[in-house]
Amino acid sequence: MCAAYCVHSGADTAVGLIELVREIVKVSSGVHGSDFRRECTDLVRRISLLAHLFEEIRDLMGEGCGGQSGEGCRWVSDLVTALQAAKSLLPVAASFSSTTSSDGAAAKKIAFQFQCVTWKLEKALSNVPYDQFDISEEVQEQVDLVRAQLRRATERYGPLSSRVLSRALSEPLDQLMDPMQPSKRVSIGLHIDNIGNVDHEVKRKVSFVPKGNCSSSTDSLIDMARVSNQIAMSEICPSNETDAGTEDNAEIKDQEVTKKPEGPVIPDDFLCPISLELMRDPVIVATGQTFERSYIQRWIDSGNTTCPKTRQKLENLTLTPNYVLRSLISQWCTLNNIEQPNVLANGKIKRRDGTVRDVSGDLAAIQELVRKLSSRNIEECRNAAAEVRSLSKRSTDNRILLAEAGAIPFLVHLLTVEDELTQENAVTSILNLSIFENNKELIMLAGAIPSIVQVLRRGSMEARENAAATLFSLSLADENKIIIGASGAVQALVELLQNGSLRGKKDAATALFNLCIYQGNRGRAVRAGIVTALLKMLTDSTGSMVDEALTILSVLASHQEAKVAIVKASIIPVMIDLMRTGQARIKENAAAILLSLCKRDNDNLSAISRLGAFIPLSEIANSGTERAKRKATSLLELLRRLHHA
């Protein structure tokens with residue numbers, strides 16, 4: 001495949017990769033009823049970010065891989081292989097639902113294929129010669145984020161043989177789903193009964209040594225599944241074919257590994273029937289079946305009124321915590337030295353300092369309170385949301401208990417009600433709950449961002465303030481910065497920065513600063529008009545927002561689109577005035593911003609020279625803070641070089 005791609009120019013290669021990404025992204029529209037909705041969405045989101053990389057390669061390198069052969073073009077082949085594997089997997093996973101298929105082996109194999117694709121894609125991205133392309137900082141940051149996410153996922157799986165993975169990826173999944181091939185289905189079912197036990201919570205390290213001759217990729221996959229889930233150690237061999245170069249060395253190294261014991265097999269009853277993952281919050285539905293709360297809640301929120309496992313109609317949509325099973329899972333985790341999936345077990349909360357508190361007496365009251373959040377009576381909902389708001393403000397223990405009792409999905413729903421006070425209480429409760437780190441993921445899984453942005457745009461001023469603060473809290477996780485930025489939140493935050501109360505402006509400024517740490521959001525902020533808002537803050541006679549404005553400008557000043565907007569808005573003269581009259585921290589930030597604006601830009605250097613920056617810079621270089629001295633000294637050196645040129 002590499003040779004076929006190498007005969008074209010680098011631009012043609014990039015175009016081919018872009019088209020492949022677009023085909024993959026199309027799959028994301030059809031995953032709503034799938035048991036693998038989350039896996040599909042995560043994979044598509046990560047792959048979609050790579051389009052920007054390929055577009056820059058297309059635009060910046062007309063020759064790219066052209067003229068190269070063999071190892072010089074191998075990264076293209078690796079990427080195509082990984083993306084083609086994803087393209088083959090996603091339609092099958094997107095169409096799979098336990099409501100229409102009772103084939104547990106098929107579900108387990110699809111789960112394993114996600115592991116394979118993740119590993120292959122991470123490996124392919126690590127081999128791209130980034131230094132050969134003039135990749136922008138924004139795109140490089142996107143790629144780094146994707147690689148980091150894939151790397152964290154692969155670390156959970158442990159090291160795997162590249163040859164075995166290649167074979168696993170090459171097997172056509174559509175045949176697995178073909179009801180006209182029962183013999184193959186039976187064959188697979190005989191061997192991979194426990195493949196679903198390769199879960200996303202437990203770290204495992206599995207090693208492989210040769211065993212004889214494997215006749216097909218299917219055999220390799222079957223053996224691999226058995227290794228991962230049924231026995232302490234199995235042996236998988238390469239075929240008689242060999243690859244050149246580093247692949248030979250890697251294969252030899254794999255063959256030399258000695259046997260190692262694998263991790264414990266997770267009991268089937270501890271796995272969510274939808275996600276096939278170890279449950280952290282098992283709940284019982286009306287049919288008596290148990291599921292992970294976040295997955296069954298999304299199933300119900302999608303409009304389904306049947307049980308995903310039995311297909312029986314749900315007489316009610318109540319989710320009852322399965323405390324007995326949760327306790328058993330906790331005991332099993334402790335016995336097998338596995339990190340427990342939550343901090344609440346056996347009616348007790350274990351804190352980070354090692355202390356334990358019995359909260360069994362609080363559980364019933366909180367469960368009843370959460371039940372009221374789902375009431376059809378708006379007054380009862382309003383009062384329940386107010387009580388949740390109060391409880392979630394008081395202590396970390398309450399934040400844990402409320403989340404474990406399933407309050408978050410109901411609070412997200414209440415963000416969309418027309419009652420203003422209920423909306424305020426709901427968004428403030430979510431803000432309070434997000435303070436506890438583990439709850440951030442639950443809030444994101446509940447699909448809260450679009451509703452929070454709507455509150456930010458149309459809610460009362462208090463609700464808008466707390467919505468902005470919630471976005472800041474959630475954006476502390478790097479991967480959330482992209483999701484929040486793509487939701488329209490940046491535009492809404494800039495509007496609050498321009499027209500909000502003083503508290504609202506400060507909350508918006510804090511959220512925007514954190515979101516703009518990610519390069520992709522800087523352009524969004526500039527196009528939303530943030531530079532005009534920052535200029536107004538800098539020149540406001542009260543000076544109440546100068547620190548916040550300078551902090552955001554210090555992040556934006558390295559972004560090319562922002563640079564142009566900052567210069568056009570005549571902010572440079574304001575920076576020079578602040579260096580003359582501001583306090584020490586203000587002078588420091590003003591000097592840092594000017595340095596960013598003037599690096600590799602003689603026009604801006606000439607401008608600050610004409611505006612008399614030399615004297616205040618000299619004063620800062622002599623008597624400013626240590627950071628201010630460094631910035632001012634560097635800028636003075638640039639000015640001297642300009643004058644001597």
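This is a predicted model: local features need pLDDT of at least 70, side-chain atom pairs count only at pLDDT 80 or more; totals for chains, interfaces and linings use all residues.
**Helix 15 and helix 16**
- The axes of helix 15 and helix 16 (residues 396–404) cross at roughly 135° and come within 5 Å; axes are lines fitted to C-alpha atoms over the stretch in contact, with angles from 0 to 180 degrees between N-to-C directions.
- Angles under 35 degrees count as roughly parallel, over 145 as roughly antiparallel, 65 to 115 as roughly perpendicular and the rest as oblique.
- Helices are DSSP runs of H or I with at least four residues, and strands are runs of E with at least two, numbered from the N terminus.
- On helix 15, V388, L391, S392, K393 and R394 meet N398, R399 and L402 of helix 16 (contact means heavy atoms within 4.5 Å).
- This contact comprises three nonpolar, two polar and three charged residues; Ala, Val, Leu, Ile, Met, Phe, Trp, Tyr, Cys and Pro count as nonpolar, Asp, Glu, Lys and Arg as charged, and the others, Gly among them, as polar.

**Helix 20 and helix 23**
- Helix 20 (residues 449–458) packs against helix 23 (residues 489–499) at about 25°, with the axes 9 Å apart; the two helices are therefore roughly parallel.
- V453, L456 and R457 of helix 20 and A489, A492, L493 and L496 of helix 23 make the contact, which divides into six nonpolar, no polar and one charged residue.

**Helix 32 and helix 33**
- Helix 32 (residues 614–623) and helix 33 (residues 626–644) cross at roughly 140°, their axes coming within 8 Å, which makes helix 32 oblique to helix 33.
- The contact includes F614 and L617 of helix 32 and L635 and L636 of helix 33; by class it has nine nonpolar, four polar and one charged residue.

**Second largest pocket**
- The lining of the second largest pocket has 16 nonpolar, 14 polar and five charged residues.
- Helix 12 (293–301), strand 3 (320–321), helix 14 (360–373), helix 15 (378–394) and helix 17 (407–414) each give two or more residues to this lining.

How values were computed:
Residues are numbered from 1 along each chain as its sequence is written. Side-chain values use heavy atoms; hydrogens and water are left out.
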